[in-house]
Amino acid sequence: MDTPLLERREALELVAAEAERARAGTGRLVLLRGATGTGRTALLEAVAEQADAAGMRVLRARCSPDDTALPFAAVSQLLGPAAEFAETREMVPDEHARGAWLWRLLRSLTDGPPLLVTVDDVHLADDFSRRWFVDAARRVDRLAVLLVVTERSQYDIDAPSAGLAHTLSPALVRTLTLAPLGARSTAELVRSDFGTVADTWVEDCVRASAGSPLLLRALLDDLRGTRPATVPKVCAALYPGAYQAAVSWWLDSAGPATAEVARALAALDDDWAERSRPSSDPPDDEAGAPSGNPADGAGSRPDQREATGPGTGRGRPGDESCPEEGRTGEGRTGAAPAGLASGGPEETTGALPHPAAAPLFGDGPSGRGAPPPGEDPAARDAAVLDEFADADPARVAGWLTAMAQLGLLRPDADGRPRYAHPLLRDAVLSGWPVTRRRAAHRTAAAVMLRRGERAEVVAGQLLRADTVGVAWATGVLLDAATVAVHDGRTADALPYLRRALDEPLPDGHRQRLLTELGSLEYTTVRSSAGIPRLAEAVRLPGLPQDRVRAAVALGTALAGRGEARAAVDVLRSLDPQLTAHPELARTVRTASALLSDHDQEIRQETYHWLHETADRAPALVGTAGQVLLVRYEATAGLLSAKAAMERVRALLAEPADPLAEPFLLGTAAAVAQWADELDEAERLVERGLARQRPSLLHPMHRALLNVRADIDAARGDYARLLAGPEARRPAGTRPGPVNGQAHALLALVETGRLVEAGRLAGGFDLRDAPNSWELNRFLYARGVLRFATGDPAGALDDFLECGHRQAAREVVSPVVTPWRTAAAQCRLALGRPREALELAEEELRLAEVWNTPRLVGRALRVLGMATGGRRGLELAARAVRVLRTAAVEPELIPALIAQGRQLTAAGERSHARDSLREAAERAERLGAVRLRATAQEALREGGARRTTTALTGSGALTGSERRIAELAADGRTNTEIADLLHLARRTVETHLTSTYRKLGIRRRGELTAALGAAGESEQAG
């Protein structure tokens, strides 16, 4: 395609003016300069055509690098057609004489019409010809000769030789530099060739051609053949390949040093884009949504921990075995791989570390990192390129600036240079051998490391490089994984860990790496993905601590897939190897006991052994084993909550074994939650989770999350339950439902979202689910759904099946699942009051053994419903009194409703309405849609004219809500309020969420105005 000359009017007018001077006998040199591809040759042809049309005689020469060895090759093209030159050129003895002869010959050609002499690409002319052209430029001012010359003036890494006009007086030469085409002209050319196309398509052509007529002509030729819907991002999608050839020619014309830097920039382009990704820091105020979690004070942030760890190595740019002063902006680097250096076992108790090796993912930075303050990102990248190419830093920086001015490069959001279009970048890379690219990435990694670049950026280069074979590479990859894990981007950590396996590692380090990688693959990819890694880690020789760590992770994975027997067998296989390590043996037995909860038969075997061993030698089971026995006795209905908490607190007060501490904390939290010590349970959960590593599978991590969900359920925090990671069924990860899904099902029912609840319940085939306590919890939740949707018979089946399975596991206390009270309500609905009474009486007997308000109050409520009459009314009143002593709204509200119904039946309608209206208010505050609807229905049945109470505005605030809101409005953080009022931080957050809803606000900063307006309204009233 012939591209029309656009934006070249100035050049043509300049040449036309100089041609007029030449016809008057005063010639001059016109020098047309421009970068490669800016259309110098096309312009020179237009100049020649313009002169020929004006009656001038035109002599042409086009220089080539192939003719540089031939003296006066360029001049020969100009004057060769002259017969007298052909006959006499061999008679000239030397350069000076020959040059003089050529000048006389040129003068002889001016006897006729004015002469236009055009020389294209004079920078490629032989030295003899260049000197002759300079000398001619000094003389043409007395002749009717116009000398028009084009010269490449692009900025290259290698400094170019002096230009043609370097030694000429400005009066002898008119110079014009050709700029790239503007975006409007480029778009005009695209549309003239393709007609009506999308603006985005045109914009892609503009960016990919960078204003270069050469690249645009080649690109449009390729696109014409395929006419794709979008401009491709890779050259392989273009045909016949003119664009790639044009870019290759552009690189060749720039020289090897420039081509090397250009290709290195293209290779690094994608990796530098990673540095511009925004961090995932939370906003200053997270308390906006009514169902949200009010932030701890305005503008508060998580602590930004500094990177810690070993120092650096030393070396030169070419010596990658130990990069000089290597420390990344995030994470640790140096001779020892990060996370594999020495450290203490107390750093992360959940990971089973050992004295000779710190955790693979220790406490790392939570931020994204940044270059050192004051350093310009573009200058930083230029430094990487010049060290890579061993080029003059000033020339590299200048080249980047020049290419940006030409439009080939564009700065990203951080000011770093990037190719204007992915297609251009791909064309620059095409033809560069893969081995050279990989070597470039390896060199870039070493250079970036020495300059203090962030771990993930350096690791991004290593992902594309061959094996480095030295310790610093492993350290960088592990540091990058650390950052990704601490940022919650576990999927991003996987490539770094997989790549680290390609580096040489001792067996012990490889074992720890496989354990971390297998754990992450299990939780991030799919449940079966990480198990082979974990199995390999268990088989590798290593320190006993590392083998235990790997075995616990593998056991956790197997148990999560319903293979509890295999999980326990893996742990038991370590017994012969741990005879000299009693603390590790205790840890393995404790882990076995916890994992045995997934299998009824193994659970009985394990706990019988724990009982016998604890009676004979308590030291053999340790504090973690003893607290597991407390939990077992609590579920078996063998002790009270008070006695259980006394034993738990005594065990917590004993010196903690780092390996046993996660089991101790998680089990203690579960017992505290059952004992209605919700704040204490929450503190234990947070303490336990803070010591867990998200990159390592450990049974207590899930156990702690389960207790957190149980606490939320006890408080009626439905929003938090439904926002949990397991609120919906994760595809293909577990064979059956888990505790989080059971709680989500209950939360959906209580919030009135029965259709969603039905979909969640129907997503599991419980016939294939493993026989675990989590299945029992889900059966209970499904029974609640069936009862709420009018199927008491189906609900009864679920509740009885749940009870049957729990009894087989020796779990008789209602602390785990109150299936008897639920089944009793179903039997009442089915007209079987005697059977309901038996279940309710048994539930109360067991509840009074544990003796907590939640259990006793629930049992009293249902027993009152089953008993009826005056005795039933007394039981209902007692249930309400008991439940008012504990912060368990989800149990108090049904008790108030039951009391109201019984008062209505007894004819005490006024008192009934008080109970029912209080129930409706509390249900509204809690967000319990189903219970509020039930209370309203009961009010209507009792003849109440007004079934609802205004629950918005400041008048709806409770005393606690108002006190907390006023403190928050004064600028106190949630933590400070909790300490001041002796509450749990979670309680403060719950009250603030309710306050926001009642006041109709979304942010903490609106509290002052809302409370002030409310106060004025109250005074006016």
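Me: How many salt bridges does the count come to in this predicted model?
Reply: The model is predicted. A pair counts when a side-chain nitrogen of Lys or Arg lies within 4 Å of a carboxyl oxygen of Asp or Glu. By this rule the count comes to 62.

Me: Which residues do salt bridges that share partners join into one network?
Reply: Glu-801 and Arg-805 also form a salt bridge, with the closest N and O atoms 2.8 Å apart. They are four residues apart in helix α34. The network joined through shared partners consists of Glu-18, Arg-21, Arg-28 and Arg-174.

Me: How many residues apart are Arg-438 and Asp-466?
Reply: Their side chains meet in a salt bridge, at 3.4 Å from N to O. Arg-438 sits in helix α15 (residues 434-450), and Asp-466 in the loop between α16 (455-462) and α17 (471-486). The pair links distant parts of the chain, and the separation is 28 residues.

Me: Which strands stand at the edges of the open sheet?
Reply: The sheet has five strands in the order β2-β3-β4-β1-β5, with parallel pairing. An edge strand has a single partner, so one side is left without a neighbour in the sheet. The edge strands are β2 (57-62) and β5 (173-178).

Me: What is the bridge partner of Ala-61 in β3?
Reply: β2 and β3 (residues 115-120) pair in the parallel sense over six bridges. In β3, the partner of Ala-61 is Val-119.

Me: What span does helix α34 reach from its first C-alpha to its last?
Reply: Helix α34 (residues 792-808) has 17 residues. At 1.5 Å a residue, 24 Å is expected. The model comes close to that, with a span of 24 Å.

Me: Where in the chain is confidence lowest?
Reply: The mean pLDDT of the chain is 83, and 85% of its residues reach 70 or more. Strand β4 (residues 145-152) has the highest confidence, at 97. Where pLDDT is low, the predicted coordinates should not be read in detail. The lowest mean, 44, belongs to helix α4 (residues 83-88).

Key: Residues numbered from 1 in each chain as written. Predicted model: local features only at pLDDT ≥ 70, side-chain atom pairs only at ≥ 80, totals over all residues. Heavy atoms only, no water. Helix = DSSP H or I, 4+ residues; strand = E, 2+ residues; numbered from the N terminus. Expected span 1.5 Å × (residues − 1). pLDDT = per-residue confidence, 0-100. Pairing = 2+ DSSP bridges.
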